[in-house]
Structures are given as C-alpha cells and as structure tokens.
Amino acid sequence: MQFEVIAKCHTTRARVSSMTMAHGTTYLPTFMPVATQGALKGLTAQQVEALGVTLMLNNTYHLNLRPGTKVLDAAGGAHKFQGWRKNLLTDSGGFQMVSLSSFTKITEEGVLFASPFTGEPTMLTPEESIGIQHSIGADIIMQLDDVVHSLTTGPRVEEAMWRSIRWLDRCIAKHKSSGRTDRQNLFAIVQGGLSPDLRQKCLDEMIKRKPDLPGYAIGGLSGGEEKDVFWQIVKLCAEQLPEDRPRYCMGIGFAEDLLVCVALGVDMADCVFPTRTARFGVALTNDGPLNLRLERHRTSFFPIDEDCPCPTCSSGVSRAALHDLVTRETVAAQAITQHNVVFQAAVMGGARDAIMEGRFPQYLKDFFRRYFADVAYPKWCVDALRSVGVDILEGIENPKVVEGKGAKWEYSDKAPK
Amino acid sequence: MSGATARSPPVLSFKLLTASSNSFSPRLGIVQLNRSSAETIEVLTPGLFLHTSRGHVPHLSGDHVNRMAKHMPWLHASFEGFLETLPPTPTLQPGPNPLHTFIGAPASRHIISLSFRDPADVRERPPNGENYLTGLTVRGVRKIVPTSYRSYISAVQPDVVVALSDIPFTSPPYSQKRVTKSMDRSIRWLGDLLRGTLSSKEIEGAPVKNVLVSLLGGTNHVARRIFSESLLGPLEEGRVLSSTRHEKLAPLDDRISGYVLEMASLRMELAVDHFLTPASMTHAREQVHKISTLLQASLSPLPMDKLRAVHSAMSPQEMLHLIASCGVDLFDSYWAQKAADWGIALDFSFPVTTEEHAEPMRRLDGRRDVGHNLYDSVFAYDFRSFLGTGTEVGLNTGCACIACSPSFTKPILHGILERNNVENLDEEATFFTRAYVHHLLHTHEMSAHALLVSHNIVVLQEFFAGVRSVLKHNPQRFAAEVARFEAEYDGEMRIMEEARRDWETVDLARGKGRLARERKAEPGAIGPPMGIVADNMLGA
Ligand SMILES: [Zn+2]
Ligand SMILES: [Zn+2]
C-alpha cells in the first residue's frame with residue numbers, strides 16, 4: 001500500500017490522503033458501502049463503480065459460508081467473482097460470528113461457533129480467518145479480534161483486549177508467511193471497550209507492531225454505547241494512531257457520525273445503514289433522512305434532491321414515483337440505494353475538498369445547520385467538534401441542542417416542530 | 001410547459017411487410033409510433049413488448065433500462081394497482097407525457113401501452129357489473145367505471161390503450177348467458193371509448209386513439225366469431241349481435257388499431273373445460289393448439305392488416321405456434337421475466353444452431369431446456385457466461401445484456417482529487433458467470449434477478465430477430481425450422497417448474513428470518529417493517 005497524507009485541516013484533526021493498492025487509488029476520508037455477500041443490494045459491480053465508489057466491503061463470514069473458499073479460489077478471488085475492479089476490504093468474520101451465530105464460545109485458539117448449515121461446533125482461528133481472506137483476496141484484510149459487546153464491563157473487556165493483541169500476532173505471522181503482503185494489507189483492530197485505560201494499553205501494543213501493519217481500525221464501538229463515550233474513545237485512538245497509517249472506524253454510517261469522526265482524525269468508515277435503510281424507503285439528504293413511504297411524499301413530483309448527481313435524481317425520478325413503488329418493487333430499493341451511496345460519497349467528497357481548501361470548519365457548520373437546525377443539534381456532536389476547535393453553534397441564535405443520540409429520523413407524517 | 005397543450009396525440013401505425021393471401025400465415029410487419037415528425041419509435045414484428053409491474057420491468061433499475069432501451073421499446077403497464085389511492089398517483093403527474101415521466105421511461109425511446117387489468121394476473125376477483133369492472137390492488141378490490149378509465153387515460157396519456165373488457169375472473173366455467181353479457185358490455189364500453197362522446201359531459205377531449213381490443217368469447221368458437229363480427233358493427237350503436245351492416249355508418253373496427261389475445265384467462269378456462277390444472281404444462285402442446293383455433297375463430301371475420309398482440313404466452317414454442325398458425329405479431333415477455341424471477345438464464349435460439357459451445361444437457365427424451373436453472377448446484381463452479389461461452393476477459397459472449405456484456409460508465413466524481421485522476425475508463429468489463437449468479441440466488445441477493453431479467457429479454461429479442469430473419473430470407477423454411485425447434489427444445493418447460501420449486505425453497509429458508517434479524521439488530525435505524533410480500537421480494 002502507498003499511503004500519503006495530502007492535506008490537513010488547520011483546525012481539526014481531519015486530513016486528506018491517498019491510499020493506493022492493487023486495485024487503484026482511494027482518496028480518504030471515505031465511506032465504504034457494504035456488499036455483504038458479493039453484491040450491493042440489487043446492483044452490479046459496474047453500477048457501484050459508476051456511483052463513484054472506489055472501496056467497498058465484503059463480509060468474510062458470509063462469503064465463507066457461500067460461495068466458500070473453494071469456489072472463490074477457483075474463481076480467482078472475490079474481485080473476479082463479482083466483477084469488481086476497484087479496492088475491496090474484508091472484515092475478519094469474527095463480529096458476524098458473534099452476532100449472527102446462535103452459539104459462540106471464545107477460546108484462546110479461536111472462536112467456536114455453531115455452523116449455520118449443520119449446527120456442528122466449528123472453530124475459526126486467527127490463522128483461518130486470514131486464510132479465508134486470502135482466498136477472497138481483498139486489498140485490505142482485518143485481523144481476527146476477540147469481540148465483546150461495547151456495553152460489556154468487567155474483566156472480560158481486558159481479557160478480550162489482550163487476546164486481540166495475541167491474535168494480531170498470529171494474524172501477522174500467518175499473513176507474512178503467505179507471501180501476499182504486497183497485494184493484501186493487514187489492518188489491526190484497536191480494542192479495549194469503553195475504558196480509556198485499556199484502549200491506551202491496546203494502542204501501545206499495536207503501534208509497536210506498526211512495521212507489519214499498513215493500517216489500523218478502531219473496533220468495539222457502535223454497539224449502543226453513549227455517544228459521549230463513543231467520540232471520546234474515537235478521539236483518543238485517532239490521536240495516537242500513527243500519522244502515516246490510515247485509520248478506519250468500524251460500523252459508522254450516519255452522516256453526523258461520519259463528519260465528527262473525520263474531524264477527530266478518522267479516514268475510513270463502513271456501515272450497512274445507507275443501503276439497508278434504502279430498502280425500507282429511506283433516502284438520505286442534506287436536510288436529513290426522508291422516509292419515502294410516508295403519505296406526504298405521495299404527490300411530490302420532484303426528485304429526492306435536485307442537485308444530486310446519482311442516477312435516480314439525475315434522471316428525474318420523483319419522490320412520488322418512489323413512494324408508489326417502495327414496498328412493492330425492487331427497482332425502488334435499487335434507486336434509493338444508488339442515491340444513498342452517492343449521498344454518503346458526496347458528504348465525504350465534500351469534506352475532502354473542504355479540508356484541502358482550508359474550509360473544513362465552515363463545511364461542518366454548514367452541514368450541521370442544514371441537517372439539524374430545524375430540529376436540534378445533538379449535544380455530543382457539538383461537544384466532540386468543540387474538542388477539536390470547531391463550534392458549530394457559533395453565530396446561531398438560540399440554538400436548540402438535544403442530549404442523547406440526537407439522530408434525525410423522519411418517523412411520521414407529522415411536520416417537524 | 002406550453003408545449004404540452006400544442007401536442008397532438010402520437011400516431012400508432014402498423015404495416016405488414018409481407019403480402020399474404022392467408023389470414024393466418026406467419027407475417028412480417030412494423031409498428032411505428034410517431035410522436036412528432038422528429039421522433040419515431042419502431043418495433044419490428046413478430047416482436048416483443050415488455051410486461052411490467054406499475055410500469056417497471058421488475059428488478060431492472062432505471063440506468064439499466066436506459067442502457068437496454070433499444071431492447072425494450074414497448075412497455076405495457078396495467079392500471080388497476082394504481083387505484084389503491086384515489087385519485088391514482090400517476091394521474092397527478094404534471095408536465096407532458098405524464099405516464100412516461102412518472103415511470104421514468106423517456107417518451108423519445110419508449111412506447112407505453114396501458115390496460116386496466118394486469119393481463120397475467122388471473123387471481124379470482126368479484127364479478128364485474130353492468131357498468132363497472134373490478135380491479136385488484138394491494139389494499140383490496142376496487143371498482144372502475146368506463147368514464148373514470150377514460151378520464152385516467154386522458155390524465156396519464158399512454159401511447160396505446162387497451163379498451164376495458166369484461167373478462168370474468170370468477171370461477172369458470174361460464175354460462176352462455178354470462179359470455180353473451182360479457183361481450184355485450186365490452187362492445188358498449190368500446191363504443192363509448194372510441195366515440196369520445198359519453199353521457200357524462202365533464203370528460204372532454206377527442207376520442208381515444210390507438211386502441212387495442214381484447215378478443216372475447218371464451219372457449220366457444222361461435223361466441224368468439226360473433227364477438228369479432230360485432231366489432232364490424234356500427235360505431236354509433238355499438239351493440240353486440242347487431243352486426244347487420246349499416247352501410248353509411250363507420251364500423252367500430254375502423255378506429256381500432258389492433259387486437260389482443262389474453263392467454264392467461266383463456267388458459268384458466270380451458271383448464272376447467274378440459275380438466276387440466278393451470279400450473280401443469282404437461283399438455284402444453286395440446287393447449288396451445290386449442291388456443292390457436294380459438295384465436296383463428298376470432299380473427300376470421302376481421303381484417304388481416306391489424307396488429308395482433310398476445311399476452312402471457314408461456315414458452316417460445318407457444319409463440320412459434322401462434323406465429324405459424326395465427327399470424328400473431330407481438331408477444332409480451334411475461335414468461336421470460338418469470339424465468340428470471342425463478343433463477344433461469346435463457347439459452348436458446350431460432351433457428352436452432354448447430355455449433356454448440358459445449359455439449360448441451362439433454363433430458364431423457366433427448367430435448368434440451370430453453371435455459372439453465374442456476375439454482376442447480378452444477379453451476380457452483382461454472383465460470384462461463386450464461387450462454388456457455390468461455391472464461392476470458394473481452395471474449396464475445398454473444399449476448400448484449402448487462403450480465404454478458406457489462407460495460408463501465410464514467411463514474412460520478414466526488415471531489416477535486418478524483419477529477420484529476422480518472423483511471424482505466426476504457427477497460428473492458430468481464431461478463432458475469434453462472435457461478436456468481438448461482439451464488440446470488442442462494443444468498444437471496446436481488447442482483448441475480450437484475451442480471452437474469454436483462455439477459456432473458458435480450459435472448460427473447462434475439463429469438464424474434466431469428467424468426468424475422470427466417471420469414472424474410474427463407475419463408476418456405478419457416479415451418480421446418482419451427483419443427484426443428486420443437487424437436488430440439490423441451491416445450492413442456494419442465495425447467496420452469498423445477499426452478500420455481502428451488503426458488504421457493506431458498507426464499508422460505510432465507511427470506512423472512514433474515515429481515516427479522518436485521519430489525520432486531522438495529523431497531524429504529526431501519527424504520528418500521530415492511531409488508532411480508534415486500535420482504536420476500538426484496539431479500540436482504
Ligand atoms: Zn440522488
Ligand atoms: Zn446475456
């Protein structure tokens with residue numbers, strides 16, 4: 001991997017960089033859509049590329065179940081299999097094993113889980129996870145970590161953190177022995193739960209291994225923890241991770257989360273949210289999400305966003321037409337998915353340009369004002385951005401600020417107050 | 001928007017390109033829709049029009065429709081589903097070509113025809129009335145009166161309109177009295193539509209143009225002929241059985257652009273008459289033979305030179321039979337789309353080609369399937385294209401669809417850096433393989449159906465191109481080529497039933513459970529759950 005920081009924000013910790021791997025250059029910060037099983041929700045690889053995506057994610061757990069490594073090996077890897085010629089990232093499979101399997105047990109050797117096909121106990125070791133990811137052939141592969149739910153407390157969190165470090169060493173050893181380090185880039189995952197102390201220890205250990213690690217991820221978050229704790233942990237990690245390595249915050253997808261993380265120094269994020277929510281008729285916009293199933297959109301004969309370059313908006317498909325189709329035809333899911341992927345990419349692309357042009361703080365202010373001003377600013381965003389020198393409430397008269405998650409959502413037909 | 005008022009309705013014309021003495025012999029023709037002097041959309045016949053759901057070919061996203069526009073110049077939509085909300089949403093669409101705009105199919109590239117009912121939907125519904133038809137929506141049954149149909153048509157402006165017909169969708173068999181009543185009503189409604197003068201004066205505008213009429217009469221040859229004869233009756237009266245010619249009065253038929261045969265309803269009636277189950281294709285040949293004699297009875301009194309369209313033929317053999325024995329011009333794509341829903345990649349050609357890419361799989365009776373059931377595990381390692389061509393990049397797969405000949409388009413650029421660094425635009429894309437779609441089907445990924453439906457439409461278009469080519473260059477060989485096709489391919493379409501079963505199995509195993517899990521995993525973030533139908537369709 002060639003990683004180069006191109007520009008830095010003069011105020012926040014945000015930066016723009018280029019990351020060049022076997023399948024081209026991806027500019028960071030970026031959002032990665034998730035094509036779980038080798039297809040992004042009804043779209044073809046060419047369609048995803050046309051949306052301006054240069055890095056997407058496949059899930060190792062799912063691809064290992066189907067089609068399986070034998071098919072992937074025969075196909076020449078997941079890129080060829082799904083016709084994707086840009087960069088690809090795979091997770092380790094551990095997270096899905098814990099969240100989707102009816103039975104999991106962590107041992108020092110690996111993750112023991114019930115096979116979804118046979119129910120038989122099956123072991124996934126760090127070495128096997130890397131082996132599967134070699135068959136998939138993604139440009140970025142992730143270490144197997146010992147995942148604990150982010151709300152877990154007590155000694156289990158520390159145990160998981162230390163084990164993740166030991167497993168990282170096993171992943172590094174396996175990866176180096178494969179001779180694929182020139183094509184596939186192994187990322188470590190910083191663990192340690194919500195404890196700054198444990199996070200610090202984990203960071204110290206993992207940074208020691210930097211020569212074998214082209215990048216780092218911040219894991220173990222986005223599990224329903226307090227947003228106040230979330231951003232402080234992200235900040236702690238991003239501050240200490242090496243300047244010359246990309247930083248990937250796992251499981252982040254809401255626009256406000258993305259921009260806060262970028263301001264804290266994060267370069268990459270992924271989430272199923274934008275594509276999943278599209279299937280339920282929710283279109284993401286700079287004014288907040290639109291639930292197109294609501295009656296109020298039935299007679300809106302204009303696009304989701306007149307200025308959006310996505311295939312859906314640029315061809316003039318109206319909100320009314322999408323409302324009419326949304327729970328009936330997969331074409332509506334595809335149309336909204338295309339829009340949402342473009343929206344995420346545009347938010348990040350806009351952030352890159354703003355950072356390069358020295359106007360990122362204003363970009364943040366403008367985004368938050370448009371997105372939240374009609375309801376209320378989430379307090380955690382205000383606090384997080386103040387911690388890196390940007391006051392998004394500056395110049396706003398009597399701003400409304402709300403505690404908690406503060407995520408905006410168009411739930412009902414009621415007009416926003 | 002001032003152009004909207006100045007526009008005159010588009011003109012649909014149909015020209016026969018082959019002279020023929022026999023009304024039922026196969027023929028070549030051309031449909032043209034002139035929207036203005038600058039815009040003409042053409043469909044060569046025998047040819048294809050596309051069955052749609054609310055105007056959309058299921059699974060085919062807008063950008064794909066764009067790319068495939070020349071393979072799908074004529075879309076057929078049905079209106080009944082839109083009655084779910086009143087006034088129906090498309091009728092509120094502002095601007096010119098409202099239905100085209102609403103659907104997102106540019107009027108410069110697509111002909112849109114509209115019928116009230118979905119011709120493929122034979123679900124039972126409450127009986128029609130003296131002056132209304134019943135339609136099915138997701139929120140239940142709705143009635144429509146002819147005046148509303150007319151006002152909806154003038155609001156959405158389809159290019160071609162199928163007149164309301166009283167085809168019963170209650171349980172067959174139907175009594176002689178019922179058949180007579182149904183024909184009588186339909187002729188009356190047709191007259192109202194064509195005259196443009198109705199008892200209710202609130203509906204303005206010229207008579208509806210470009211009207212197609214369903215040929216009625218059920219499974220009774222005599223009744224079918226009588227119905228057709230009544231189309232020759234005077235426009236001013238428009239009553240069935242009054243077919244004594246009024247010399248000075250123009251017949252209804254003068255204002256009719258063509259005839260429609262709805263095979264789905266006829267098949268249902270035949271199944272009862274002959275103790276066949278509609279699901280079973282075992283007697284496919286016998287059935288299509290019966291249908292062709294019924295269609296001949298309908299066509300015999302009618303002029304030869306009008307367009308003959310058939311809905312819901314269920315195999316290429318049926319299509320060939322109806323071309324050969326009834327001179328049918330246009331077929332909808334319904335069965336090929338169903339095949340795509342059920343995981344089948346079509347692979348057949350007319351005339352039957354001798355060179356094969358690989359030894360074709362044959363059934364015990366020596367016949368080949370018209371496609372590949374990609375659910376089948378034999379495809380797990382099959383890295384060839386749908387048509388069985390090789391595995392190298394850039395190899396001509398022999399099919400122009402988005403699966404066999406994918407292409408890259410210029411990506412949307414999201415920042416200054418990307419603008420300065422656009423990579424490998426000219427590279428050729430690799431075709432999608434059987435193994436990949438096998439995987440997508442088993443993982444319930446809807447991309448599978450997008451790839452398959454695109455492919456199946458192109459294969460079917462190529463089939464018609466082959467039919468036209470033989471009719472043009474070797475018309476005397478046509479019958480022999482049809483026979484050769486029937487000897488080569490399985491006309492019983494056993495693959496359809498097998499694939500449908502596989503589809504159901506995977507659907508049940510994966511469909512609902514997955515979404516339930518997703519909801520549990522992320523409440524709030526994904527909004528309230530959708531209906532069960534949608535769950536199954538949308539997958540995870
Ligand atoms: Zn858009
Ligand atoms: Zn194809």
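This is a predicted model: local features need pLDDT of at least 70, side-chain atom pairs count only at pLDDT 80 or more; totals for chains, interfaces and linings use all residues.

1. The UniProt record, an unreviewed entry, lists residues 12-372 of chain A under "domain: tRNA-guanine(15) transglycosylase-like". In the model, 45% of that span is helix and 16% is strand. Its end C-alpha atoms lie 21 Å apart.

2. Now to the sheet of chain A. Eight strands make up an open sheet, in the order E4-E14-E13-E12-E11-E10-E6-E5, and their pairing is parallel. At the edges are strand E4 (30-32) and strand E5 (55-58) of chain A, each of which pairs on one side only. From one strand to the next, the twist averages 25°.

3. Strand E12 (residues 215-218) and strand E13 (residues 247-249) of chain A run parallel and share three bridges. Within this pair, A:Ala217 has A:Tyr248 of E13(A) as its bridge partner.

4. Which strands does helix H6 of chain A lie across? Helix H6 (residues 126-136) lies across strand E6 (87-90), strand E10 (140-142) and strand E11 (185-190) of chain A. Relative to E10(A), the helix runs at about 160°.

5. Strand E1 (residues 2-8) and strand E2 (residues 15-21) of chain A are joined by six bridges. A hairpin of six residues links E1(A) to E2(A), and A:Ala7 stands opposite A:Val16 in E2(A).

6. The annotated pair deserves a careful look. The unreviewed UniProt entry gives "active site" for A:Asp91 and A:Asp270. These residues are spread over 180 residues of sequence, yet they cluster in space, with a largest C-alpha distance of 10.6 Å.

7. Taking A:Asp91 on its own, you will find this residue in the loop between E6 and helix H5 (94-100) of chain A. A:Asp91 counts as buried because its relative accessible area is 10%, below the 20% cut-off. Beyond its sequence neighbours, A:Asp91 has contacts that include A:Asn58, A:Thr60, A:Tyr61, A:Gln133 and A:Met142. A:Asn59 is also in contact, and its side chain makes a polar contact of 2.9 Å with the side chain of A:Asp91.

8. Is A:Asp270 buried or exposed? A:Asp270 has a relative accessibility of 10%, so it counts as buried. This residue belongs to strand E14 (residues 268-270) of chain A. Among its contacts beyond four places in sequence are A:Phe31, A:Met32, A:Leu57, A:Tyr248 and A:Gly251. The A:Asp270 side chain reaches the backbone nitrogen of A:Gly251 at 3.0 Å. A:Tyr248, named in this contact list, is also the bridge partner of A:Ala217.

9. A:Thr337 is a further buried position in chain A, and its relative accessibility is 0%. A:Thr337 is part of helix H14 (residues 330-356) of chain A. Apart from neighbours within four places in sequence, A:Thr337 is in contact with A:Lys41, A:Leu43, A:Thr275 and A:Ala278.

10. Chain B contains 16 helices and 15 strands, and 59% of its 540 residues are buried. Of its contacts with a separation of 6 or more, 71% are between residues 24 or more positions apart.

11. Finally, B:Asp332 sits in strand E13 (residues 330-332) of chain B. Its relative accessibility is 1%, so B:Asp332 counts as buried. Its contacts beyond the sequence neighbours include B:Leu48, B:Phe49, B:His51 and B:Ser312. What does the side chain of B:Asp332 reach at 3.1 Å? The backbone nitrogen of B:Ser312 is reached at that distance, and the backbone nitrogen of B:Tyr334 lies 3.1 Å from a polar atom of the B:Asp332 side chain.

Key. Residues are numbered from 1 along each chain as its sequence is written. Chains are lettered from A and ligands numbered from 1 in the order in which they are written. Side-chain values use heavy atoms; hydrogens and water are left out. Two strands pair if DSSP finds at least two bridges between them. Helices (H or I, at least four residues) and strands (E, at least two) are DSSP runs, numbered from the N terminus. Axes are lines fitted to C-alpha atoms, for helices over the stretch in contact, and angles run from 0 to 180 degrees between N-to-C directions. Contact means heavy atoms within 4.5 Å. UniProt positions are given in the numbering used here, feature names are shortened, and annotations may be inferred rather than shown by experiment. Buried means under 20% relative accessible area, exposed over 50%, partly exposed in between (1.4 Å probe, protein chains only). A polar contact is a pair of N or O atoms within 3.5 Å; within protein, one must be able to donate a hydrogen and the other to accept it, and residues adjacent in sequence count only if both atoms are side-chain atoms.
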